[in-house]
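Please open the model in your viewer and keep the selection panel at hand. The stops below follow one another by selection.

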Amino acid sequence: MHLVNLKDSTQQVSFKEAVKTGLGRQQGLFFVESLEPLADLDSVLALPLAERSKVILGHLIGDEFSPEQLGELIDNAFTFPAPVTQVSEHIHTLELFHGPTLAFKDFGGRFMAQCLTDISQGAPVTILTATSGDTGAAVAHAFHGIDNINVVILFPKGKISPLQEKLFTTLGGNIHTVAVDGDFDACQAMVKDAFDDEQMRNELHLNSANSINISRLLAQVCYYFEAYSQLDEQARKELVISVPSGNFGNLTAGLIAKALGLPIKRFIAATNLNDTVPRYLEEGEWSPKDTIATLSNAMDVSRPNNWPRIEAMIEKGIIDKDILTGMAIDEDCTQMAMKQLQALGYTSEPHAALAYRSLCKSLQDGETGLFLGTAHPAKFRESVENILGEPLALPQALADVAGKNSFAVEKPADYAIIKQHMFDLLKK
Ligand SMILES: *Cc1c(COP(=O)(O)O)cnc(C)c1O
């Protein structure tokens with residue numbers, strides 16, 4: 001696989017190098033310059049999820065792994081299903097929350113952990129990542145207990161749901177968690193500073209596990225094919241996919257799926273009040289505002305770090321800008337959408353609900369809508385119970401961590417202090 005640094009095109013790397021380095025020079029993202037459509041789509045669609053994913057990822061990554069090696073990584077990573085459920089006459093949802101940490105980030109996190117473990121061959125690695133909730137849990141679980149790999153997770157203190165926090169702060173061992181006195185963007189900024197810091201990179205062998213890591217994106221491409229494979233002929237005709245977006249990794253993966261030939265008519269980039277992208281698509285001006293805390297807190301991002309990849313796909317003609325509609329949904333509409341879904345017999349949570357709401361507003365005659373169910377409702381139990389006025393049963397994974405103690409330490413949003421903390425932890 002041939003990848004180019006979007007900020008410095010003289011830096012060109014293989015898939016394995018990109019997985020290992022995460023970010024390129026000048027904090028540039030690695031990305032493809034072109035994409036070849038998949039041959040024989042119908043037979044690819046007919047395969048089961050893991051087998052189909054081997055074809056898709058083999059096509060994207062090329063011969064850097066042997067087919068057997070890649071197959072093993074995928075079998076280890078994709079151990080849970082992604083079912084499509086119909087919620088109304090023309091609207092379906094793809095449930096991406098049946099993995100160990102109950103959010104779609106398990107797909108990318110687990111595949112990345114498999115790739116990185118394979119690529120690093122036992123050499124020490126420090127995974128440094130910022131999370132607005134679900135990434136941290138997925139990454140922590142995917143790497144927990146792996147020799148020679150340490151994970152440091154920065155998260156905004158008090159800004160993610162208590163149960164969600166418990167999913168990754170209670171593991172201990174090689175998983176180190178820091179509650180930062182600041183918002184997600186502050187955490188993300190410190191991760192970027194660390195990657196710019198040669199001493200950190202060299203001495204701690206830093207690697208990022210954010211959605212900027214190319215392996216995560218590629219893994220996510222696979223479930224768009226899975227969704228399509230479960231839809232009937234009528235639903236496939238004019239399919240509109242609504243993606244609840246924060247850092248826009250999920251949408252990037254959807255656009256890659258389309259570029260590989262999956263016949264998706266168009267996409268909705270659904271956001272909460274952090275509406276940098278919908279405003280940009282509407283007005284043509286990139287003007288991030290301060291991040292606002294919302295019910296869909298995993299999407300409280302005003303400077304989405306994957307956007308340059310989408311921009312690059314548009315510039316290079318890999319996708320057409322016209323297939324993208326931005327839509328920002330406010331807090332009242334999000335709550336209303338949750339209640340509407342409840343009335344349809346489907347319990348949802350704020351992220352998926354605002355993607356549903358966007359479909360309701362945007363869907364035209366003849367189109368079928370699919371919104372991504374990015375997390376299990378119980379991960380946002382407090383707000384879901386408040387809004388719907390009914391108690392939610394906890395799935396086993398959450399019930400197990402609810403009573404455990406957190407190992408997280410609290411730190412200010414100060415890069416020098418975080419750096420010192422990491423050296424204290426990892427350079428004893
Ligand atoms: C991470 C996350 C999102 C946003 O995904 P991006 O790829 O960052 O756009 C949406 N919903 C949930 C539940 C998430 O955890």
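Begin by selecting threonine 334 and its surroundings: leaving aside residues up to four places away in sequence, threonine 334 touches Leu295, Ile329, Pro350, Ala353 and Leu354, where contact means heavy atoms within 4.5 Å. The model is a predicted one, in which local features need pLDDT of at least 70 and side-chain atom pairs count only at pLDDT 80 or more, while totals for chains, interfaces and linings use all residues. Residues are numbered from 1 along each chain as its sequence is written, and side-chain values use heavy atoms, with hydrogens and water left out.

Threonine 334 lies in helix H15, residues 331-343 (helices are DSSP runs of H or I with at least four residues, strands runs of E with at least two, numbered from the N terminus). Its relative accessible area is 1%, so threonine 334 counts as buried (buried is under 20% relative accessible area, exposed over 50%, partly exposed in between, with a 1.4 Å probe and protein chains only).

Next, select residues 350-362, helix H16. Its 13 residues reach 18 Å from first to last C-alpha, close to the expected 18 Å, a span defined as 1.5 Å times one less than the number of residues. Eleven of the 13 residues are buried, so H16 is largely enclosed by the rest of the structure; among them are Pro350, Ala353 and Leu354.

Finally, select the open sheet of three strands, ordered E2-E1-E3 with antiparallel pairing (two strands pair if DSSP finds at least two bridges between them). Strands E2 (8-13) and E3 (30-31) each have a single partner strand, so one side of each lacks a neighbour in the sheet. Two bridges join E1 (residues 3-5) to E3, and valine 4 stands opposite phenylalanine 31 in E3.
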